Amino acid sequence: MPTAVISGTMMGKRLFNWTRKLRVFDYKFNLYGEVQFNPDEKGMIKSLFTKKNEEIDRVRGKLYEVRRPFIETIFHKGIKAKLEPDDILREISKVEGNWLKQLDIDG
């Protein structure tokens, strides 16, 4: 699940942001999706030496049709199973946009 980050509660501008990945699956139709929140985020050290990106509400992801064994693994062992290229039967859709304003699906 993505992580919520809340800042500015004591002083400064109050912000609520999502980070990391959201993973979803459909057991019946063998579908799996990943959405990365703030996909262009830099690491802690690298961010010290580069200009800060103001567009932190961006998301990017894909929806796949996957092999049944991968769905079984997720269902029985947890959503954190790693998607390997061999597990993907086909890419169905691409998702990109701003989670607050607009998401483009294959747009």
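Colleague: With which side chain does E72 meet in a salt bridge?

Modeller: The general idea is that side chains of opposite charge can pair when their charged atoms come close. The criterion is a side-chain nitrogen of Lys or Arg within 4 Å of a carboxyl oxygen of Asp or Glu. Here the partner of E72 is R68, at 3.2 Å from N to O. The two residues are four apart in helix α2, so about one helical turn separates them. R68 is partly exposed as well, with a relative accessible area of 28%.

Colleague: How many salt bridges does a search of the whole structure find?

Modeller: The search finds seven. One of them joins E96 and R58 at 3.4 Å, N to O. Because E96 lies in strand β5 and R58 in strand β4 (residues 58-66), this pair ties together parts that are 38 residues apart in sequence. Another is formed by E65 and R90, whose closest N and O atoms are 2.6 Å apart. This second pair also links distant parts of the chain, with E65 in strand β4 and R90 in strand β5, 25 residues apart. At 47% relative accessibility, R90 counts as partly exposed, and E65 is partly exposed at 23%.

Colleague: Which elements does the protein chain have?

Modeller: Helices (H or I, at least four residues) and strands (E, at least two) are DSSP runs, numbered from the N terminus. The protein chain has two helices and six strands, in the order β-β-β-α-β-α-β-β from the N terminus on.

Colleague: Is F70 buried or exposed?

Modeller: F70 counts as buried because its relative accessibility is 4%. It is placed in helix α2 (residues 68-77). A contact means heavy atoms within 4.5 Å. Leaving aside residues up to four places away in sequence, F70 touches Y32, A81, K82, L83 and D87. F70 and I88 are 18 residues apart in sequence, and their C-alpha atoms are 9.0 Å apart in space. Across the 107 residues of the protein chain, 23% count as buried.

Colleague: Which element of the protein chain has the lowest mean pLDDT?

Modeller: pLDDT is the predictor's confidence in each residue, from 0 to 100. Where pLDDT is low, the predicted coordinates should not be read in detail. Helix α1 (residues 44-48) has the lowest mean among the elements, 52, whereas strand β5 (residues 88-98) has the highest, 94. The protein chain averages a pLDDT of 81, and 75% of the residues score at least 70.

Note on methods
Residues are numbered from 1 along each chain as its sequence is written. This is a predicted model: local features need pLDDT of at least 70, side-chain atom pairs count only at pLDDT 80 or more; totals for chains, interfaces and linings use all residues. Side-chain values use heavy atoms; hydrogens and water are left out. Buried means under 20% relative accessible area, exposed over 50%, partly exposed in between (1.4 Å probe, protein chains only).
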